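I opened this model to look up a few local features. My notes follow in the order I took them.

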Amino acid sequence: MFTPINTSLGAILLFQSSSSLLFHNGSVFGISSLLSGCLLNPNRDNVPIIAGLMSSVLPVYLLAPSLIPNYVAPPYSLASVAVTMGVGFLLGWGTKNGHGCTSGHMLCGISRLSSRSFIATALFFTSALITANFAGIPSCGPDPCYTPVYPSAHELIFMGGAVLLSSITNDLVIPKALKRSHMARVIFSFLAGLEFGLGLFISGMADPLKVLRFFAFLMDISRFDPSLALIMVFGIGPSLVKFCSQKPVQVVEGKIGLIPTLAERWSLPTATVADIDWRFVAGSVTFGIAWGLKGVCPGPAILRAIIQPTWGFVTMSGFVLGNLV
């Protein structure tokens with residue numbers, strides 16, 4: 001169902017965590033590369049973020065369990081295991097060769113006005129849209145999926161508190177409490193991952209059915225849930241404004257310009273449109289197919305893996321295989 005308040009607040013958290021990671025640590029919040037790095041080459045740049053993301057399950061479970069999606073049962077039959085691992089493989093191969101997913105390209109890349117990210121997003125969004133509509137999108141029952149529903153008072157307090165606490169921490173506490181150092185970046189990486197995970201739960205991005213229903217406007221408007229459009233408004237929009245107003249710069253006329261709060265330099269993607277090859281195109285399309293089949297991308301997959309370890313083991317096994325091919 002359409003959740004305008006939840007998704008708007010969750011999108012603000014996604015904006016706060018990703019933009020703060022950029023301006024504090026100087027790096028992009030690309031979940032697929034962070035996840036593959038954590039699994040295949042763990043270091044202090046990727047492990048703290050993934051650990052923070054995984055830790056977001058705990059406050060939601062303890063304080064607002066109603067925000068946890070009702071996932072379908074994990075795979076037990078041989079056929080369901082094969083399908084689940086296959087989707088994980090497509091996620092791994094697609095994000096590796098497409099150099100990103102919804103977080104790195106759509107949330108962070110578009111807000112940085114990256115031409116490569118605009119192209120990748122167009123490719124994986126289009127392939128996901130077509131795949132989801134041909135594979136079939138579940139209905140919401142007797143009411144159309146665009147029917148608005150609103151949070152309980154308890155949920156609203158939790159979500160509003162998370163947004164307020166995140167804003168105070170990122171904008172006021174971190175710049176004053178932490179000095180530029182490796183340990184400071186590790187600490188904030190964990191916090192950014194925690195905030196991002198909360199944003200995924202609150203916005204509904206962690207719910208695969210909600211994602212699939214966002215693609216439903218092509219075939220059956222009654223199954224269309226417009227919630228995730230608000231992520232573009234309150235997630236990508238503010239990131240774009242902040243990036244354009246505080247554009248990262250290393251040196252201006254021989255003098256040091258804006259540099260990250262906690263890092264010595266920016267660690268931003270340097271590839272351009274000229275570097276696009278067939279693997280980039282095929283990878284972006286493949287990731288879109290996987291996203292459209294099951295409504296899962298790497299960030300939400302990590303959260304679901306904590307809640308459903310059996311599903312997580314099978315999916316992450318496929319993800320790793322996809323990265324190794």
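**Entry 1: a surface methionine.** I started at M219, which counts as exposed because its relative accessibility is 61%. My cut-offs are these: buried means under 20% relative accessible area, exposed over 50%, and partly exposed in between, with a 1.4 Å probe and protein chains only. M219 sits in the loop between α10 (208-214) and α11 (229-245). Helices (H or I, at least four residues) and strands (E, at least two) are DSSP runs, numbered from the N terminus.

With Y146, F217, L218 and I221, M219 forms a nonpolar patch on the surface, and together they have about 530 Å² of accessible area. Patches take residues with over 30% relative accessible area and no salt bridge; like charges are joined within 9 Å, and nonpolar side chains (Val, Leu, Ile, Met, Phe, Trp, Tyr) within 5 Å. A salt bridge is a side-chain nitrogen of Lys or Arg within 4 Å of a carboxyl oxygen of Asp or Glu. Areas come from the Shrake-Rupley method with a 1.4 Å probe, and for residues only the protein chains shown count as cover.

**Entry 2: ground rules.** The model is predicted: local features need pLDDT of at least 70, side-chain atom pairs count only at pLDDT 80 or more, and totals for chains, interfaces and linings use all residues. Residues are numbered from 1 along each chain as its sequence is written, and side-chain values use heavy atoms, with hydrogens and water left out.

**Entry 3: cysteines.** How many disulfides are there? I took a pair of cysteine sulfur atoms within 2.5 Å as a disulfide, and the count came to 1. C140 and C145 form this disulfide, with their sulfur atoms 2.0 Å apart. The torsion about their S-S bond is about 110 degrees, so the disulfide is right-handed. C145 counts as buried because its relative accessibility is 0%.

C38 is in no disulfide; the nearest cysteine sulfur, that of C101, is 14 Å away. C38 is buried, at 19% relative accessible area.

**Entry 4: N97.** N97 lies in helix α5 (residues 78-98). Is N97 buried or exposed? N97 is buried, with a relative accessible area of 7%. I listed the polar contacts next (N or O atoms within 3.5 Å; within protein, one must be able to donate a hydrogen and the other to accept it, and residues adjacent in sequence count only if both atoms are side-chain atoms). The N97 side chain reaches the backbone oxygen of W93 at 2.8 Å. The N97 side chain also makes a polar contact with the side chain of R279, at 2.9 Å. Leaving aside neighbours within four places in sequence, N97 is in contact (heavy atoms within 4.5 Å) with R279, F280 and G283.

**Entry 5: around α6.** Helix α6 (residues 102-109) is mostly covered, with 8 of its 8 residues buried. Among them are H105, M106 and C108.

I then looked at the loops on each side. H99 is in the loop between α5 and α6. Its phi is near 55 degrees, a positive value in a residue other than glycine. H99 counts as exposed, at 53% relative accessibility. L113 is in the loop between α6 and α7 (115-135). Phi of L113 is near 60 degrees, again positive in a residue other than glycine. L113 is partly exposed, with a relative accessible area of 48%.
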